[in-house]
Amino acid sequence: MFHLPVCPCCGTVYRYGDVRRMMRGKEQACYHCREKLTVSRRGWWVLGLLTVALSVGCNLLLMTVFHNTTYPALFLVTMLWIVAAYFLRPFFISLIKR
């Protein structure tokens, strides 16, 4: 799940920009073999759980190391993890043959 998707029929590897365009629709056609594919977003649950776990872990670490950490600093760290997760979404989708 931590890689860009590959066509299950012909093995074509998609680039990051192609995958970002594919995420808008539910069904796509492979640009190499023209086989119809379904875009599966089941991996986004894993990405969401990783984001929450890393965000909470970093916030707890900040609060224990720096005892006078303020809420805006914790909010900033959380938002950085959310932005990183937004850009990692293409690595957590898969293509399924119809």
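This is a predicted model: local features need pLDDT of at least 70, side-chain atom pairs count only at pLDDT 80 or more; totals for chains, interfaces and linings use all residues.
Q: In which sense do β1 and β2 pair, and over how many bridges?
A: Two strands pair if DSSP finds at least two bridges between them. Here β1 and β2 run antiparallel and share 3 bridges; Glu 27, for instance, lies opposite Thr 38 of β2. Strands (E, at least two residues) and helices (H or I, at least four) are DSSP runs, numbered from the N terminus. Residues are numbered from 1 along each chain as its sequence is written, and side-chain values use heavy atoms, without hydrogens and water.

Q: How many residues lie between β1 and β2 in the hairpin?
A: The hairpin has 6 residues between its two strands, and Arg 34 in the turn has a positive phi of about 65°.

Q: What is the order of the strands in the open sheet?
A: The 3 strands follow the order β1-β2-β3, with antiparallel pairing. β1 and β3 (94–97) are the edge strands with a single partner each, so one side of each has no neighbour in the sheet. Strand β2 (residues 36–40) is joined to β3 by 4 antiparallel bridges, and Leu 37 has Lys 97 of β3 as its bridge partner.

Q: What span does helix α2 reach from its first C-alpha to its last?
A: The expected span of a helix is 1.5 Å times one less than its number of residues. Helix α2 (residues 44–65), with 22 residues, reaches 31 Å, close to the expected 32 Å.

Q: Which residues of α2 are buried?
A: Buried means under 20% relative accessible area and exposed over 50%, with partly exposed in between (1.4 Å probe, protein chains only). In α2, the buried residues include Leu 47, Thr 51, Ser 55 and Asn 59. These four cover an arc of only 90° around the axis, which puts them on the same side of α2. An α-helix has 3.6 residues a turn, so residues three or four places apart point the same way. On the other side of α2, Trp 45, Leu 49, Leu 61 and Thr 64 are exposed. The buried residues of α2 pack against α3.

Q: Where in the protein chain is confidence lowest, and where highest?
A: The lowest mean, 87, belongs to strand β1 (residues 27–29), and the highest, 96, to helix α3 (residues 71–88). For the protein chain the mean pLDDT is 91, with 99% of its residues at 70 or more.

Definitions and conventions:
pLDDT is the predictor's confidence in each residue, from 0 to 100. The arc is that of the directions from the helix axis to the C-beta atoms. Contact means heavy atoms within 4.5 Å.
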